[in-house]
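Please look over the sequence and the structure shown here before reading on. The report then goes from the whole chain to single residues.

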Amino acid sequence: MAETQDKTGTVLVLGATGGIGGAVARGLHLRRWTVRALNRDAAKASRKAPAVEWIQGDAMNATDVRAAAEGASVIIHAVNPPGYRDWGKLVLPMLDNTIAAAKAVGARIVLPGTIYNFGPDAFPVLDEDAPQNPRTEKGAIRKEMEARLKAASEAGVRVIILRAGDFFGPGAANNWFSQGLVKPGKPLTAISYPGKKGIAHQWAYLPDVAETMIRLIERAESLPPFAAHHMRGFFDDDGTKMIAAIRRAVGNPDLKVKSFPWWFVSLASPFVPLFKELKEMRYLWREPLEMRNDRLIATLGDEPQTATDDAVTATLASLGCLPRDLGRQPSNVAPVRREA
């Protein structure tokens with residue numbers, strides 16, 4: 001395991017108003033990095049995160065990205081189209097802009113990856129070098145993103161990819177936990193679970209993902225030009241562990257569990273783009289999946305991991321799903337947890 005480097009610099013975060021981008025930006029600021037971010041409304045963004053150097057611009061504009069990257073040694077590519085609209089049309093051009101900027105200034109690209117670029121042929125135990133045969137349109141785009149980054153690494157651009165399971169946590173938007181399992185904004189009366197008992201599922205607590213990315217950045221010089229790692233995160237080995245953690249968090253061991261309405265999603269998918277996407281992702285709830293982190297452990301020595309009950313409680317509190325006497329306000333700063 002390489003030692004942590006006592007080195008900071010300037011990092012450009014694309015997507016700093018999002019969950020993972022914001023968490024990484026806050027964590028690097030605490031490490032005394034100069035954190036720069038590109039935003040289409042920099043004045044508004046600066047009011048929410050004044051510690052960040054906000055630059056007016058658009059990730060879809062190559063000139064804006066290149067100018068913002070000047071002097072940066074790292075570019076965090078955590079940007080998504082506004083409201084996830086036109087994802088298929090905008091994601092790859094934005095990545096191309098990041099690659100071009102990284103080439104120009106000599107920066108390393110760091111990408112928060114997903115499991116969507118893998119199909120069930122790579123399950124049930126998923127390692128970093130498994131074949132990528134995605135079943136979905138989004139998975140195909142994710143596969144192409146990694147292919148372009150791989151090509152860039154062969155042309156001299158250094159790349160770190162950290163893949164993780166389904167996000168949950170304070171600030172994590174557009175995820176299965178907040179859009180599928182629970183209804184934000186009021187105390188829970190039931191859990192809606194998309195999977196079945198006995199089917200393993202892979203989760204990742206967003207602050208832990210951000211902390212892991214930061215530790216990889218701190219050891220960047222010891223990594224290969226194209227470094228892909230998997231997080232183990234929270235592995236629900238039989239599809240009941242997340243349900244149990246939610247029940248403990250709300251203090252109700254008998255909280256009702258309902259089946260996710262896949263029938264309605266299928267019925268409405270031709271008319272609702274989100275439902276079409278959910279339907280395509282159903283295989284992730286039908287097939288058991290486990291992500292091993294052997295490579296990550298070899299690199300870092302351990303994996304940052306918040307206790308499951310603490311993570312679930314903080315998530316539910318941030319979503320407004322706990323009574324006031326149970327919820328506690330989560331910090332806006334990604335925790336720095338160092339295991340022995």
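This is a predicted model: local features need pLDDT of at least 70, side-chain atom pairs count only at pLDDT 80 or more; totals for chains, interfaces and linings use all residues.

Residues are numbered from 1 along each chain as its sequence is written, and side-chain values use heavy atoms, with hydrogens and water left out.

## The chain as a whole

The protein chain holds 13 helices and 14 strands, where helices (H or I, at least four residues) and strands (E, at least two) are DSSP runs numbered from the N terminus. Its radius of gyration is 19 Å, close to the 20 Å that the globule rule gives for 340 residues, so the chain is as compact as a globular protein of that length. This radius is taken over C-alpha atoms, and the globule rule is 2.2 Å times the number of residues to the power 0.38. Along its principal axes, the C-alpha trace spans about 55 × 40 × 40 Å.

Of the 340 residues, 54% are buried; buried means under 20% relative accessible area, exposed means over 50%, and partly exposed lies in between, with a 1.4 Å probe and protein chains only. Contact means heavy atoms within 4.5 Å, and among contacts between residues at least 6 apart in sequence, 76% join residues at least 24 apart.

Helix α1 covers residues 19-30, and its 12 residues reach 17 Å from the first C-alpha to the last, close to the 16 Å expected at 1.5 Å a residue. That expected span is 1.5 Å times one less than the number of residues in the helix. The helix is mostly covered, since nine of its 12 residues are buried, and these are G19, I20, G21, G22, A23, V24, A25, G27 and L28. The cover over the buried residues of α1 includes the strands β1 (10-14), β2 (34-39), β4 (74-77), β5 (108-113) and β8 (166-168), together with helix α7 (206-218).

In the loop between α1 and β2 lies R32, whose phi is near 75°, a positive value in a residue other than glycine. R32 counts as exposed, because its relative accessibility is 71%.

A311 is part of helix α13, which runs over residues 308-318, and A311 counts as buried because its relative accessible area is 1%. When neighbours within four places in sequence are left aside, A311 is in contact with F168, Y205 and T306. The C-alpha atoms of A311 and D254 are 20 Å apart in space, and the two residues are 57 residues apart in sequence.

S269, by comparison, belongs to the loop between α9 (262-268) and α10 (273-280). S269 is also buried, because its relative accessible area is 7%. Residues up to four places away in sequence are not counted when one says that S269 touches F275, K276 and K279.

## A cis peptide bond

The peptide bond that joins F123 and P124 is cis, with an omega of about 5°. P124 is found in the loop between β5 and β6, the latter covering residues 125-126.
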